[in-house]
Amino acid sequence: MLGVLVLVYVFNFLDRQILAILAERIKADLRISDAEIGFLYGTAFAVFYAVFGIPLARLADVWDRRKLIAIGLAVWSVMTALSGFAGSFAELAVARFGVGIGEASTSPAAFSLLSDTFGREQRATALAIYSSGIYIGAGLGIAVGGVIVEGWEAAFGAAPPFGFRGWQVAFFAVGLPGLLLAAWVATLREPRRGTADGIFTPSEPHPFREFFLELRSVLPPLTLLHLWKAGAGAGAIARNVLAAAGLALAAAALTAVTRSPAQWNALAIGLYSAISWSQALGHRDPVAFALIFRTPTLWWGGLAFSFLAFIGYAIGFWLPSFFVRVHQVDAREAGLVLGALGAVGGWIGITLGGVLADAWRRRSPCGRLYVGMLTAVLPVPITFVLLTTSSTSLAYALVLPSSILGSMWIGPGASMLQDLVLPRLRGAASAAYLLLVTFIGLALGPYLVGFLSVVLGDLRQAMLLAVGANVASLLCAIVATRFAANDDATLLDRARAAGEPLPR
């Protein structure tokens with residue numbers, strides 16, 4: 001199961017990350033800016049990924065997780081292939097929306113499957129190995145994309161078959177093979193929920209009713225109908241409307257400053273959906289709301305890991321363009337070198353981080369957070385030299401240690417979450433965690449670096465400024481360590497106090 005799910009995550013990030021190596025070609029053909037390409041990679045994907053991740057995470061808690069992953073894989077593979085037909089910014093944005101919806105099915109269901117297969121002593125290692133698919137897939141996406149686009153253009157020049165450019169063919173090539181993997185995923189074994197923790201969960205007789213109820217809770221304007229039907233009361237509905245108004249005003253103000261209406265309107269809609277979902281969850285499942293939203297370690301730790309995602313997505317997306325622009329290398333070379341180094345370094349770092357977090361967790365409830373703190377500190381000087389040296393060889397050489405140290409947080413972040421909620425809530429908790437990671441990391445990181453690149457006229461300076469997120473991550477992790485021991489020791493007591501019928 002672990003091996004197949006790693007392959008799924010490889011395809012997940014291969015299809016997502018290939019845009020990084022194709023960015024310069026797409027910008028030229030579609031005539032878009034750095035900020036707009038940052039939006040296409042980040043926010044266009046992230047908002048739909050996060051919003052649809054909520055109802056799909058609920059479905060992961062009540063339905064067959066194998067089938068859910070298989071269907072999602074098929075959807076995002078088709079939408080990746082359709083990206084190759086895009087002829088405008090809007091058309092590519094719509095395709096990225098679809099990729100985000102399909103990929104939203106994966107992580108909550110995979111986290112839940114693996115947490116029911118591996119006990120606490122092995123969980124961070126298992127989740128880290130699963131998460132190594134991030135860097136393997138991202139590395140393959142950059143390498144394969146670079147080879148295809150350079151090879152296609154060298155072979156056909158200005159008169160390619162059917163008028164397809166190299167970047168369009170790259171989307172076709174990486175999207176369609178996912179359909180074969182989807183069929184394999186459906187053959188996995190579905191473990192009984194709670195097996196690894198001894199807290200068994202009864203099956204849900206109406207899983208799709210639960211899914212559509214959760215979907216209604218996040219899709220405007222059905223969010224208001226959902227709150228009314230849930231008996232939320234006039235006060236809750238008024239707070240929801242006020243939140244929508246506040247987000248609309250904030251989006252308008254940020255649009256006036258940045259001239260990026262798509263970025264801020266999309267993010268405002270995503271945040272509104274998240275707020276509506278949290279309100280609905282509080283009425284539907286008070287235990288889930290209490291354990292997810294009133295556990296300080298989850299929130300401070302989640303913020304810490306989200307700021308690490310910010311720097312990871314920002315640097316990861318823009319690094320190929322950095323080498324092409326600053327060091328004057330071609331896409332094939334940048335793709336092969338960065339793809340190989342990123343894949344190897346990321347796999348080593350994620351696995352090392354998971355093993356270290358499990359070892360540290362046996363000694364302290366703060367063990368997962370300690371690994372996050374290391375990740376916030378150790379890569380900073382390496383990244384600074386990587387971005388400022390004039391030597392292409394040295395910059396390439398530093399990609400490997402930067403990838404190793406910068407990726408150690410991923411397994412510990414996921415396992416921290418799984419440790420602090422009940423088995424039946426792992427899908428919903430994963431959705432809440434992914435909301436933070438996605439909105440802060442993916443929706444803001446690539447876009448803000450692209451925007452600063454436009455404003456400053458210097459991609460290098462924009463990437464250096466992004467490293468400030470590491471400071472915010474370290475501070476949040478330090479705060480989270482103050483609560484970790486108590487939150488871990490009182491999990492079952494807090495669940496009972498919130499109304500969960502657990503035996504004593």
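The following legends describe an overall view and several close-up views of one predicted protein model.

This is a predicted model, in which local features need pLDDT of at least 70 and side-chain atom pairs count only at pLDDT 80 or more, while totals for chains, interfaces and linings use all residues. Residues are numbered from 1 along each chain as its sequence is written, and side-chain values use heavy atoms, with hydrogens and water left out.

**Figure 1. Overall view of the protein, with 27 helices and zero strands.** Helices (H or I, at least four residues) and strands (E, at least two) are DSSP runs, numbered from the N terminus. The radius of gyration is 22 Å, close to the 23 Å that the globule rule gives for 504 residues, so the protein is as compact as a globular protein of that length. This radius is taken over C-alpha atoms, and the globule rule is 2.2 Å times the number of residues to the power 0.38. The C-alpha trace spans about 70 × 50 × 45 Å along its principal axes. Of the 504 residues, 60% count as buried; buried means under 20% relative accessible area, exposed means over 50%, and partly exposed lies in between (1.4 Å probe, protein chains only). The accessible surface comes to about 18600 Å², and 69% of it belongs to carbon and sulfur atoms. Accessible areas come from the Shrake-Rupley method with a 1.4 Å probe, and for residues only the protein chains shown count as cover. Among contacts (heavy atoms within 4.5 Å) between residues at least 6 apart in sequence, 82% join residues at least 24 apart.

**Figure 2. The aromatic pair of Phe111 and Tyr130.** A pair of aromatic rings is described by the distance of the centres and the angle of the planes. Rings of Phe, Tyr and Trp (its six-membered ring) pair if their centres lie within 6.5 Å; planes under 30 degrees apart count as stacked, over 60 as edge-to-face and the rest as tilted. By this rule the count comes to 26 aromatic pairs. One of them, Phe111 with Tyr130, is edge-to-face, at 6.0 Å centre to centre and 80° between the planes. Phe111 lies in helix 6 (residues 106-115) and Tyr130 in helix 7 (residues 120-131), so the pair ties together parts that are 19 residues apart in sequence. Phe111 is buried, with a relative accessible area of 4%, and Tyr130 is buried at 0%. Together with Tyr9 and Phe13, these two residues form one aromatic cluster.

**Figure 3. The stacked pair of Tyr447 and Phe451.** The ring centres of Tyr447 and Phe451 are 6.1 Å apart and the planes are at 20°, so the pair is stacked. Both residues belong to helix 23 (residues 445-456), where, being four residues apart, they are separated by about one helical turn. Tyr447 is buried, with a relative accessible area of 1%, and Phe451 is buried, with a value of 18%.

Figure 4. Leu291 counts as buried because its relative accessibility is 1%. Not counting residues up to four places away in sequence, Leu291 touches Leu298, Leu422, Leu425, Leu491, Arg494 and Ala495. Leu291 and Ala429 are 138 residues apart in sequence, and their C-alpha atoms are 8.7 Å apart in space.

Figure 5. Ala431 is buried, with a relative accessible area of 4%. Leaving aside neighbours within four places in sequence, Ala431 is in contact with Gly53, Ile54 and Ala57.

**Figure 6. Backbone features at Phe162, Gln328 and Pro221.** Phi of Phe162 is near 60°, a positive value in a residue other than glycine. Phe162 is placed in the loop between helix 8 (133-156) and helix 9, and is exposed, with a relative accessible area of 78%. For Gln328, phi is likewise near 60° and positive in a residue other than glycine. Gln328 lies in the loop between helix 16 (296-326) and helix 17 (331-361) and counts as exposed at 64% relative accessibility. The peptide bond from Pro220 to Pro221 is cis, with omega near -5°; Pro221 lies in the loop between helix 11 (207-216) and helix 12 (222-229).
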